Amino acid sequence: MPDLQKELTSYQERLIDEPTGKNVIGKHAAKLIRDHETVFLDVSTTVQFVAEHIQAKQITAVTHSIDNVGILSKREDLSIYVLGGYLHTQNRLLYGPSVIDKISEIRADKAFIGATAIQTDGLYYPYEDDVRVKREMARRSDQVILVADHTKFTVKSRFKLDFDHVDIIVTDQSIPADIQEILDQKNITLIECQTHNPQDGVEP
């Protein structure tokens, strides 16, 4: 199954893809977090950049991402709640029924989630468990922010999460017109944080 293998590249390899776009997205998305809020941080290379740029004080971050924990543990002014389960070493996350169970007991102000692919009918992920975690995070949050670079709008994956679970999408380039139309219909806010070429010497 070469297509599957190509899609499920390791977490560290995905972190290198589109680093500038993901970093700019993370910087903009992190500004949406207010002091004292509780936020879910999904396992996603783009969400990891959100974690790196959080400026809000006295927040509680809830995550099952090993890398998010590593980034946030350098901060003494916030609380980290780790969703426990089995360790998936390649994707650097904790998984299993206990993760879903614990999410269902938490109320958050915001959830930051990623996506493997974005099509006109919703968001897509390679694993069914991904959808379950994100759906539960969305259900337990007042606001859901999807962070995704432009490459996610041109690829496909398997398991779907409906757009109805999303309130805001933060991306780095203009998106396809047919998807923009769907977002307008569903009143989903789109934030485009354009990245500039390095030779411009300017970064938003």
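Biologist: Why does Asp42 count as buried?

Modeller: Asp42 has 1% relative accessibility. Buried means under 20% relative accessible area, exposed over 50% and partly exposed in between, with a 1.4 Å probe and protein chains only. Asp42 therefore counts as buried.

Biologist: What are the ground rules?

Modeller: This is a predicted model, in which local features need pLDDT of at least 70 and side-chain atom pairs pLDDT 80 or more, while totals for chains, interfaces and linings use all residues. Numbering starts from 1 along each chain as its sequence is written, and side-chain values use heavy atoms, with hydrogens and water left out.

Biologist: Where is Asp42 found?

Modeller: Asp42 is in the loop between strand E1 (38–41) and helix H4 (45–53). Helices (H or I, at least four residues) and strands (E, at least two) are DSSP runs, numbered from the N terminus.

Biologist: Which residues is Asp42 in contact with, leaving aside its neighbours within four places in sequence?

Modeller: Among them are Val47, His64, Ser65, Asn68, Phe112, Lys134 and Met137. Contact means heavy atoms within 4.5 Å. Gly114 is also one of the contacts of Asp42.

Biologist: What does the side chain of Asp42 reach at 3.0 Å?

Modeller: The backbone nitrogen of Gly114. A polar contact is a pair of N or O atoms within 3.5 Å; within protein, one must be able to donate a hydrogen and the other to accept it, and residues adjacent in sequence count only if both atoms are side-chain atoms.

Biologist: Now Asp172. Why does Asp172 count as buried?

Modeller: Asp172 is at 1% relative accessibility, so it counts as buried. Asp172 sits in the loop between E11 and H8.

Biologist: Which side chain joins that of Asp172 in a polar contact of 3.5 Å?

Modeller: That of Thr171. A polar atom of the Asp172 side chain also lies 2.8 Å from the backbone nitrogen of His150. Gln194 is 22 residues from Asp172 along the chain, yet their C-alpha atoms are separated by 5.0 Å.

Biologist: How do you know that the buried residues of H8 line one face of the helix?

Modeller: The buried residues of helix H8 (residues 177–185) are Ile179, Ile182 and Leu183. Seen down the axis of H8, they fall within an arc of 100 degrees, so they line one face. The arc is that of the directions from the helix axis to the C-beta atoms.

Biologist: Which exposed residues does the face of H8 turned away from its buried side carry?

Modeller: Ala177 and Gln185. The buried residues of H8 pack against strands E7 (117–119), E11 (168–171) and E12 (189–192). Asn187 follows H8, and its phi is positive, near 55 degrees.

Biologist: What makes the pair of Tyr86 and Tyr95 tilted?

Modeller: The structure holds one aromatic pair. Tyr86 and Tyr95 form it, at 5.9 Å centre to centre and 40 degrees between the planes. Rings of Phe, Tyr and Trp (its six-membered ring) pair if their centres lie within 6.5 Å; planes under 30 degrees apart count as stacked, over 60 as edge-to-face and the rest as tilted. The pair is tilted.

Biologist: Why does Tyr86 count as exposed?

Modeller: Tyr86 is at 61% relative accessibility, so it counts as exposed. Tyr95, at 35%, counts as partly exposed.

Biologist: What makes E7 and E10 stand at the edges?

Modeller: The open sheet has three strands in the order E7-E8-E10, with antiparallel pairing. E7 and strand E10 (159–161) each have a single partner strand, so one side of each is left without a neighbour in the sheet. The twist averages 35 degrees from one strand to the next. Helix H7 (residues 128–139) packs on the sheet, touching E8 and E10, and its direction makes about 10 degrees with that of E10. Axes are lines fitted to C-alpha atoms, for helices over the stretch in contact, and angles run from 0 to 180 degrees between N-to-C directions.

Biologist: How do you know that E7 and E8 pair?

Modeller: Two strands pair if DSSP finds at least two bridges between them. E7 and strand E8 (residues 122–125) have three, in the antiparallel sense. Leu123 in E8 is the bridge partner of Ile118.

Biologist: What makes strand E6 (residues 108–113) mostly covered?

Modeller: Five of its six residues are buried. Three bridges join E6 to E1 in parallel, with Val39 opposite Lys110 in E6. Strand E9 (residues 141–147) pairs with E6 over five bridges, also parallel.
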